[in-house]
Amino acid sequence: MPLALVIVGVAAVVGDTAGGTHAARSSGRSGFGKSGEAGQPPQDQGLPATDPAEDGNAYTPRRTEENARIGALFEKDDQGAHFCTASVVQSPGRNMLITAAHCAFDADSGQPLNDLVFAPGYRNGDEPTGLWKVSKVVVDDRWAKSQDEDLDVAFLVLDQQGGKNIQDVLGGNTLGINRGFDNKVEITGYPASRDIPVSCRNRTTKFSDTQLRIQCTDLEDGTSGSPWLTDYNPKSHTGTVIGVLGGHEGGGDQDDVSYAAYFDDDIAKLYRRAQDQD
């Protein structure tokens with residue numbers, strides 16, 4: 001089926017219409033799930049450790065090459081509040097992010113958020129590689145039409161910055177399709193209450209045939225879209241993203257339990273469509 005393009009500042013690219021739906025409720029713009037709400041200033045809540053804590057417990061991560069490609073999403077610029085998280089994923093065009101669909105598409109208006117910017121490695125107002133403008137939002141049209149929680153995934157195509165692609169600057173992670181339900185992952189995201197990220201490691205479990213579940217503390221509003229990263233190789237400087245925080249209940253309505261849509265063939269098709277736009 002040909003792709004539909006909607007141009008409203010950024011392009012929304014939608015995919016197949018086959019299959020059933022499991023409706024979510026709303027979009028990131030209205031603070032759905034574990035996305036934050038724009039305009040709420042951070043009120044930092046410190047976490048004690050800067051080294052990995054016990055499995056399932058959040059900690060403040062050090063600056064590393066691995067988490068430098070994870071960043072906060074803002075509206076328009078960095079003067080407001082960050083409300084979701086995204087990360088760099090490898091693509092032929094070398095300018096692609098992955099996040100949750102509810103972070104990038106306004107279900108109420110049926111339009112993509114047309115003013116997103118990405119701040120990788122953001123900490124306390126410091127932006128090591130600056131702000132990167134989102135030019136295209138790529139979602140499956142089952143999300144666009146009915147917010148199918150099993151397709152709560154979006155790929156974001158960025159404009160170049162200073163003639164450079166983000167993957168050339170920061171590298172990127174690979175996308176893991178059909179990796180099963182039992183994986184040791186690290187999740188790093190940006191709670192709306194903090195101006196520094198949190199990380200947590202644990203094993204994923206099966207919530208349903210189409211959803212992953214994890215127990216990790218302090219994954220609160222703002223962490224929607226955070227990558228679930230496994231198999232990071234410090235020699236090749238890459239890991240594999242097997243999920244993004246979202247899906248069931250927009251990622252969950254409790255800070256210590258989170259969800260992600262399972263990356264199956266539908267997500268693989270969406271990824272290929274996104275590559276066509278990059």
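**Terms and the values behind them**

Author: In the protein chain, 71% of the contacts with a separation of 6 or more are between residues 24 or more positions apart, where contact means heavy atoms within 4.5 Å. This is a predicted model, in which local features need pLDDT of at least 70 and side-chain atom pairs count only at pLDDT 80 or more, while totals for chains, interfaces and linings use all residues. Residues are numbered from 1 along each chain as its sequence is written, and side-chain values use heavy atoms, with hydrogens and water left out.

Reader: What makes up the secondary structure of the protein chain?

Author: The protein chain has 5 helices and 18 strands; these are DSSP runs numbered from the N terminus, a helix being H or I over at least four residues and a strand being E over at least two.

Reader: Why is Val 89 called buried?

Author: Buried means under 20% relative accessible area, exposed means over 50%, and partly exposed lies in between, with a 1.4 Å probe and protein chains only. Val 89 has a relative accessible area of 0%, so it is called buried. Val 89 is found in the loop between β4 (84-88) and β5 (96-99), and among the residues it touches, not counting those up to four places away in sequence, are Met 96, Phe 155, Asn 173 and Tyr 271. From Val 89 to Ile 70 there are 19 residues in sequence and 9.9 Å in space, C-alpha to C-alpha. For the protein chain, buried residues make up 58% of the 278 residues.

Reader: How do you know that β4 is mostly covered?

Author: In β4, 5 of its 5 residues are buried.

Reader: What makes β3 and β4 a pair?

Author: Two strands pair if DSSP finds at least two bridges between them. β3 (70-75) and β4 have 4 bridges and pair in the antiparallel sense, with Gly 71 standing opposite Ala 86 in β4. β4 and β5 also pair in the antiparallel sense, over 2 bridges, and the bridge partner of Ser 87 in β5 is Ile 98.

Reader: Why is β12 described as largely enclosed by the rest of the structure?

Author: Of the 6 residues of β12, 5 are buried, so the strand is largely enclosed by the rest of the structure. β12 is joined to strand β13 (residues 198-203) by 6 bridges in an antiparallel arrangement, where Val 185 stands opposite Asn 202. Another 2 bridges join β12 to β16, again antiparallel, and there Ile 187 stands opposite Trp 228.

Reader: Why do β14 and β18 count as edges of their sheet?

Author: The sheet is open and has 3 strands in the order β14-β15-β18, with antiparallel pairing. β14 (205-208) and β18 (257-261) each have a single partner strand, so one side of each is left without a neighbour in the sheet. β14 and strand β15 (residues 211-215) pair over 3 bridges, and Thr 205 stands opposite Arg 213 in β15.

Reader: Which residues lie nearest the centre of the largest pocket, and what is its volume?

Author: A pocket is an open set of points on a 1 Å grid over the protein atoms alone, with protein on both sides within 12 Å along at least five of seven lines, and its lining residues have an atom within 4 Å of a point. The largest pocket has a volume of about 190 Å³, volume being the space filled by probe spheres set on the points, which are joined across faces, edges and corners. Its lining has 15 residues, of which Tyr 59, Thr 64, Asn 67, Glu 186 and Arg 201 lie nearest the centre. The elements giving two or more residues to that lining are α1 (65-68), β12 (184-189) and β16 (227-233).

How values were computed
On a 1 Å grid over the protein atoms alone, a cavity is a set of points where a 1.4 Å probe fits but cannot get out, and a pocket is an open set with protein on both sides within 12 Å along at least five of seven lines; lining residues have an atom within 4 Å of a point.
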